[in-house]
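I opened the notebook to record what I looked up in this structure. The entries follow the order of my checks.

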Amino acid sequence: MLKQPKSLLLSLAVTLALAGCGGSDTTNPLINGSGATALTLDESKLLPVNRFSQDDIDAGVDACVAFGDHVNGKWLAANDIPGDRTSWGSFEVLTERSIEIQRQLAEQAAAMDAANGVEKIVGDLWATGLDEAAINAQGIAPIQPQLDAIAAIDTPQALADYLHRSASTGNNLLFRFYAGPDFKDSSMNIAYASQGGLGLPDKTYYFDAAYRDKLAAYEAHIAKVLELSGVDPAQAADQARHVIAFETRLADASKSRVEMSRDAELRYNPVSLADAEKIAPAFGWSKFFEAQGVAAPTMFSLAIPAFHAEVGRMIGDVPLAQWQSYLRFRTVDNAAAYLSDEFVQQDYDFYAKTLRGQKELKERGKRVLDAINGLAGEALGQMYVQVAFPAESKARMEELVDNLRAALKTRIENLAWMGDDTKKKALEKWASFTPKIGYPDQWRDWSGLETGRDSYLANLRAANEFNYKWNVGRIGQPVDRSEWGMSPQTVNAYYRSSANEIVFPAAILQPPFFDPEASDDVNYGGIGAVIGHEMIHGYDDQGSRFGPTGNFENWWTEADAAGFKKLTDQLIAQFNGYEAAPGQHVNGKLTLGENIADLGGLAVAFDAMKAATADSEDPMTGGMSRDQRFFANWATVWRRNFTDEELKVRLATDSHAPANFRAIAAPSNLPAFAAAYSCTPGQPMVRTGGEQIVIW
C-alpha cells in the first residue's frame with residue numbers, strides 16, 4: 001500500500017487479513033447531512049477506466065513463457081509513473097477517478113450556504129486545506145502549545161503525564177492504542193496497546209546495512225525539521241543524533257513487519273492492569289486509562305510487552321532533554337504535511353522523494369483529500385455514493401458472491417489433503433461468511449465534531465481527537481458488526497477475521513475489476529477473483545486461526561495443520577525464488593497470506609466462471625477463448641509500475657508481493673491455465689508434480 005498515515009491521521013484498528021459511474025443511488029440518502037443541495041458529477045473530467053482490452057495483448061510474447069509481459073508489457077511500457085506517484089497501474093487509475101469525484105464533491109460542499117452534517121465537515125476541511133495563504137501565515141503557531149508543553153517537562157512523572165495527556169487527544173507518539181474485538185470473545189471490544197514510535201518503515205531500517213543510506217538521510221531530515229521548528233542548526237544536528245539513538249532503542253525492542261504480519265497472536269497478550277503496571281511501572285497504566293477517559297479494565301491486550309517494558313525503562317534512564325528532542329521532532333514531523341510550505345517541502349523531500357522515489361509533490365487538492373479520507377472518509381463516502389455507485393452494481397455483485405461461495409464450498413468438500421473433522425469446521429466457517437458491498441447499511445454519526453473556516457490544522461486535530469474518542473469509547477462495549485473499515489471511495493477490499501466478513505467498497509466495483517458491460521469471463525477474472533481472494537483470507541495462514549464467529553481458536557486436527565503448513569512452506573519457497581530487482585527477492589513469508597489468497601481465490605473464481613457459463617458455448621471473442629480472457633483480466637488487474645525506491649520499501653514492509661509476480665504466480669499453479677494456452681511441461685508458466693501447489 002501507500003505511505004502509512006502519520007499519527008495525526010488516526011488509523012482506527014481493523015483486524016484485516018490484508019486488502020461506470022454516474023448513477024444516483026436514491027435508496028441511500030444522507031443520514032446526518034443537510035441534503036438540501038443535490039450533488040452532481042461531471043463525468044467528462046474523469047480519467048478513462050483501465051478496462052481489459054485485447055489490443056494490449058502482445059502476441060509476440062509467449063503466454064506460457066512470460067504471461068505478465070504477454071498481457072501487460074505493452075501497457076506498462078506506454079504508461080510511465082506520474083510525477084506525484086510512486087506506482088502506477090490498475091488500482092491507481094481507479095484511485096485517480098475516485099479522487100476527481102471526491103474533488104467535485106468537496107468543492108460543492110465548501111460552496112454550500114449554511115451546510116451542516118457531513119457536507120459541513122467535508123466543506124470546512126476542503127476550504128481551510130486549500131487556503132494556502134492562511135496556512136503559511138500561521139507557520140508553526142498551530143502546534144506551538146504542544147511544543148511549549150514539551151519544553152516544560154521537568155521530571156519523569158511530568159513526562160509520563162504529558163504522554164498520557166497527548167495520547168488522550170489522539171496524538172500518541174509512542175504506540176497504538178485502540179478498541180478492538182477480543183480475540184477470545186469477538187462480540188465484545190477490549191483495549192489494545194501495541195508498539196510504535198518509529199519514523200522509518202520497519203525496525204530493520206535501523207540495523208540492516210542495506211538501509212544505511214536511508215538511516216543517514218532520516219537523521220538529516222530530523223535535524224532539518226528541528227531547525228525549521230526554531231532549534232539552532234548546531235543543536236538540531238546534535239539532537240537528531242539523540243533522536244536516532246532513541247528510536248534505535250525502541251526498534252530493538254520492537255517486532256518486525258514480517259513477525260507482526262505472520263503471527264496474529266502477537267497482537268493479543270491479555271494482562272490485568274496490575275500486571276501491566278509491573279511491566280512498565282514508570283509509565284503508569286492506571287493513570288493512562290484515567291487520562292483517556294476510559295474506565296480501568298479488568299483485562300486488556302498489552303501486545304509486545306518487551307516494547308512497553310523498554311518504554312518504562314526509558315522514562316527512568318533516558319535524559320529528559322533527549323526525550324524532549326524526540327517529542328519535539330515527532331510532534332512537528334507528524335504535523336509537517338499540514339503546516340506552511342517549508343515544512344510541507346521537507347516532509348515531501350524525505351518521506352516521498354528520498355524514501356520512495358516520488359518525483360513531484362502532490363498538488364494541494366490531492367493532499368487535502370488524503371487528509372479528509374484519513375480523518376473523515378466515511379463522511380465523504382456518504383456523498384460519494386450519491387453520484388458514483390449504481391444500485392444495479394450491488395445486485396450484480398451479490399450474485400457473483402453467491403456463485404463464488406458455492407464454488408468455494410465445493411472445493412473445500414473435495415480437498416484431498418484435509419480430513420473430515422477439519423472439513424466440517426471449515427464448512428461451518430464458510431456458512432457464516434458475511435459479505436458487505438458498496439457502502440454501510442448504517443452510516444456513522446458525526447454529531448459532536450466541530451469544524452470551521454479558521455484553521456486547517458485545528459480542523460484536522462479536532463477530527464483526529466473526535467475519531468480517537470469515538471474509538472476508545474467502544475472499549476468494554478459490544479462490537480458493532482455494521483461498521484466498515486474502509487470508506488466507499490477506497491479502491492480496495494478486505495477480509496476481517498474477527499467478524500468473518502468480506503467487504504467490497506463501491507470504488508473497486510469498476511473496470512478492470514467489475515464491468516457491467518463485460519462478459520462473465522472478464523468479470524470472474526477480475527472482481528470474481530477478488531471475491532475469492534477475500535474469502536480465502538478466512539483460510540490463509542492467519543485467518544485460519546479464527547473460527548466461524550471470529551474467535552481466535554484452533555479448529556484443526558494436528559495432521560491437517562501439519563499438511564497445511566507443508567503446502568504453505570512450498571508457497572513461501574515459490575515466492576522466495578522471485579527476484580524483484582537485482583539482488584532483491586520477494587519475501588515469501590511476509591507475503592504468505594496474500595499469496596494463499598491469490599492462489600485459492602483465482603482457482604475458486606475459475607470454477608465459478610465455468611459453472612456460470614456451463615450452458616453456453618465459448619464465444620471465442622477476438623480469437624481468445626473464454627478461459628484465456630479470464631486469465632488475461634486477472635493479469636490486467638495486476639499491471640503496475642514502481643519506482644525503484646518504492647519497490648525497495650515494499651519488499652521490506654508490504655504483505656503483498658509486487659504486482660508483476662501476483663499476475664503470474666497463481667496461474668502457474670493451475671492446470672486450467674496451461675490448458676487454456678496449450679502450455680507444455682517445462683515452460684515457465686507450468687508448474688507440475690511436486691512444484692505445483694494446491695491449497696484451497
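Before the first check I wrote down a cut-off: buried means under 20% relative accessible area, exposed means over 50%, and partly exposed lies in between. The model is predicted.

Entry on Ser-519. Is Ser-519 buried, exposed or partly exposed? I found a relative accessible area of 30% for Ser-519. I then looked up its place, which is the loop between β8 (501–505) and α19 (520–536). The side chain of Ser-519 makes a polar contact of 3.4 Å with the side chain of Arg-629. I also checked Val-65, which is 454 residues from Ser-519 along the chain. The C-alpha atoms of Ser-519 and Val-65 are 27 Å apart.

Entry on the annotated span. UniProt, in an unreviewed entry, lists residues 492–688 as "domain: Peptidase M13 C-terminal". I found 48% helix and 8% strand in residues 492–688.

Entry on the cores. Which residues have the most contacts inside the largest nonpolar core? I noted Trp-285, Tyr-677 and Trp-696, in a core of 203 residues. Helix α15 (residues 364–388) gives the largest share of this core, with 13 residues. A second, separate core has eight residues, among them Tyr-178, Ile-190, Tyr-192 and Ala-264.

Entry on Trp-285. I left aside its neighbours within four places in sequence. The remaining contacts of Trp-285 include Phe-175, Leu-273, Phe-300 and His-308.

How values were computed
Residues numbered from 1 in each chain as written. Predicted model: local features only at pLDDT ≥ 70, side-chain atom pairs only at ≥ 80, totals over all residues. Heavy atoms only, no water. UniProt positions renumbered as here; feature names shortened; annotations may be inferred. Helix = DSSP H or I, 4+ residues; strand = E, 2+ residues; numbered from the N terminus. Buried < 20%, exposed > 50% of the residue type's maximum accessible area, 1.4 Å probe, protein only. Polar contact = N/O pair within 3.5 Å; in protein donor to acceptor, adjacent residues only side chain to side chain. Core = buried A, V, L, I, M, F, W, Y, C linked by side-chain atoms within 4.5 Å. Contact = heavy atoms within 4.5 Å.
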